[in-house]
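Here's a quick briefing on a single-chain model. Have a look at the fold before reading on.

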Amino acid sequence: DCIKIFAPATVANVACGFDVIGLAIDAPGDEIILRKTDTPGIVIKAIHGADLPLDPLLNVCGVAAQHFLKKLDQPDAGVEMEIFKNIAPGSGIGSSAASSAGAAVGLNELFGRPFDNKQLIRFAMEGERLASGAAHADNVAPAIMGGFTLVRSYQPLDITALHTPAALWVTVIHPQIEVKTSDARAILKQKVLMTDAIKQWGNVAALVAGLYQEDYGLISRSLEDVIVEPVRAILIPAFHELKIKCKEAGALGGGISGSGPSVFMLSRGEIIARQVRDVMNEVYAPLGVDYNIYVSPIS
Ligand code: HSE
């Protein structure tokens with residue numbers, strides 16, 4: 001009646017796919033210990049590694065759990081959670097999504113798997129609604145399903161797994177400045193130009209084709225965001241320099257991870273992904289901003 005869940009960090013948007021494409025990395029990830037209890041309802045016993053509310057109404061794990069238990073419809077069901085936050089809140093690598101997804105998946109295991117992935121994504125999306133004001137699924141879907149995922153539609157929810165070339169690696173730099181997803185969404189324009197839209201959907205479609213064909217040139221050319229990145233780039237120190245130098249070092253391309261401030265780069269193979277890490281270090285070391293870098297396969 002007790003389970004420990006690992007919930008991975010994720011990169012949402014993947015340049016051109018704002019709110020629709022995401023990918024899961026191996027590490028870092030949050031861990032959640034869940035226990036069934038005799039007292040109905042949800043108790044968050046402790047949170048380690050971040051200063052987050054224990055009140056289940058104000059905590060993404062609590063909110064995902066509430067929706068789970070409501071749908072489960074077992075009035076006596078009770079659960080206690082202990083959360084180990086290894087992904088910093090506001091980092092842009094799906095911190096809230098990992099916790100929401102971990103809670104949903106963990107409960108599903110505890111209660112004998114009553115729900116499928118799609119339903120678990122719905123529960124976790126409620127955590128995202130609390131964290132960012134929008135129930136986006138491009139972090140929770142890969143956190144639950146693994147690999148690359150695509151949200152074709154939100155109404156009705158239609159999510160599919162995409163092929164993930166085994167040689168694709170991710171390098172992520174997390175500058176330790178906090179960017180709230182709600183703020184990074186509030187600055188976006190609500191209308192897009194037709195010329196930009198044409199470029200963007202060309203890129204999204206080509207990225208998906210590139211993943212299936214394992215065509216790294218096509219993936220590289222598709223990693224371009226003409227709609228969201230130009231607005232959000234100002235939130236991230238040395239963003240343009242970072243992108244240019246990482247590509248010079250052999251990265252296929254990249255962009256802002258989720259709503260930032262993390263920046264991700266995709267590379268073909270671990271060796272290039274590590275060279276990209278070195279270049280990120282060179283760019284960031286002189287800035288006087290604390291940061292972490294993660295190098296990981298996609299899984
Ligand atoms: N797609 C969302 C955004 C992801 O870019 O606002 C947030 O992590």
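Predicted model: local features only at pLDDT ≥ 70, side-chain atom pairs only at ≥ 80, totals over all residues.

Residue numbers start from 1 along each chain as its sequence is written.

**Overall fold**
- The chain carries 10 helices and 10 strands, taken as DSSP runs (helices are H or I with at least four residues, strands are E with at least two) and numbered from the N terminus.
- For 299 residues a compact globule would have a radius of gyration near 19 Å, and the chain agrees, because it has 19 Å; the radius is taken over C-alpha atoms, and the globule rule is 2.2 Å times the number of residues to the power 0.38.
- The C-alpha trace spans about 60 × 40 × 35 Å along its principal axes.

**Burial and contacts**
- Of the 299 residues, 49% are buried (20 or more other C-beta atoms within 10 Å of a residue's own, with C-beta atoms placed from the backbone).
- Among contacts with a separation of 6 or more, 72% come from residues 24 or more positions apart (a contact means C-beta atoms, placed from the backbone, within 7 Å).

**Helices α1 and α3**
- Helix α1 (residues 60–72) packs on helix α3 (residues 117–132) at an angle of about 140°, with axes 8 Å apart; the axes are lines fitted to C-alpha atoms over the stretch in contact, and angles run from 0 to 180 degrees between N-to-C directions.
- On the α1 side, Val-60, Cys-61, Val-63, Ala-64, His-67 and Phe-68 meet Phe-123, Ala-124, Glu-126, Gly-127, Leu-130 and Ala-131 of α3.

Conventions
Buried ≥ 20, exposed ≤ 12 C-beta atoms within 10 Å, placed from the backbone. Contact = placed C-beta atoms within 7 Å.
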